[in-house]
Amino acid sequence: EKYPGDAPVVVSLPDLLPVLGESWELLDDNVMGEWYTYLILAHGTDAGARLPDDEAAAAAAGWGGDRYVVYHHRESGETVMVLKATWDTPEDALEFAAAFDLYADDRFGPASAGPSGTALWEAGSGIHLFIESGGTTIWVAAPDPTVAEAVLAVMGE
């Protein structure tokens, strides 16, 4: 109902192949959007991590634009995912960050302090880093801390 008067902000991500190495390939590069942001929080795969519909909708409502990428390692089968989102206001980014923290704590277990002011979750599937800064959020999912930190370092935040 906001579009076209409130067109999404174009968000760009750096090429991660120089950081990841030659054995990695880009699988997907796209936009998640407000609707899918809501769906992750309210209707994600892990039923125990789902937020109530109204909380998820409120957290996603301030979405301004995003971009995500998924990379795959041909030999190991590992993946790296980065989702960078910009929000209508810094307060909207903080609201989403608070909702994401609840979602991630329920999905991955309690967060600890990660590098560069991030929240860090260790899960069976790897490492998840999340940071909010000045109206932007970044979520990095990687197989290990070294890869996650290397990816975060080139994100420009």
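Phe100 and Tyr103 are both in helix α4, 3 residues apart, which is about one turn of the helix. The model is predicted. Helix α4 (residues 90-108) packs on a sheet, where it touches β3, β5 (119-123), β6 (126-133) and β7.

**Aromatic residues**
- The rings of Phe100 and Tyr103 count as tilted because their centres are 5.8 Å apart and their planes are at 50 degrees.
- Phe100 is buried at a relative accessible area of 1%, and Tyr103 is buried at 4%.
- Phe96 and Phe100 also both lie in α4, 4 residues apart, about one turn of the helix.
- Phe96 and Phe100 form a tilted pair, with 6.0 Å centre to centre and 40 degrees between the planes, and both are buried.
- One aromatic cluster is formed by Trp87, Phe96, Phe100, Tyr103, Trp121, Phe130 and Trp139.
- The count of aromatic pairs comes to 8.

**Sheet**
- The open sheet has 7 strands in the order β1-β2-β3-β7-β6-β5-β4, with antiparallel pairing.
- Its edge strands, β1 (24-30) and β4 (112-113), each pair on one side only.
- Strands β3 (residues 79-87) and β7 (residues 136-142) run antiparallel and are joined by 6 bridges.
- Thr86 has Thr136 in β7 as its bridge partner.
- The direction of α4 makes about 160 degrees with that of β6.

**Helices α2 and α3**
- Helix α2 (residues 33-43) packs with helix α3 (residues 53-60) at an angle of about 145 degrees, the axes being 8 Å apart.
- The crossing of these two helices is right-handed.
- Residues making the contact include Tyr38 and Leu41 of α2 and Ala56 and Ala60 of α3.
- The contact residues divide into 7 nonpolar, 2 polar and 2 charged.

How values were computed:
Residues numbered from 1 in each chain as written. Predicted model: local features only at pLDDT ≥ 70, side-chain atom pairs only at ≥ 80, totals over all residues. Heavy atoms only, no water. Pairing = 2+ DSSP bridges. Contact = heavy atoms within 4.5 Å. Axes fitted to C-alpha atoms, helices over the stretch in contact; angles between N-to-C directions. Left-handed = near helix turned anticlockwise from the far one by under 90°. Nonpolar A, V, L, I, M, F, W, Y, C, P; charged D, E, K, R; others polar. Phe/Tyr/Trp six-rings, centres within 6.5 Å; stacked < 30°, edge-to-face > 60°. Buried < 20%, exposed > 50% of the residue type's maximum accessible area, 1.4 Å probe, protein only.
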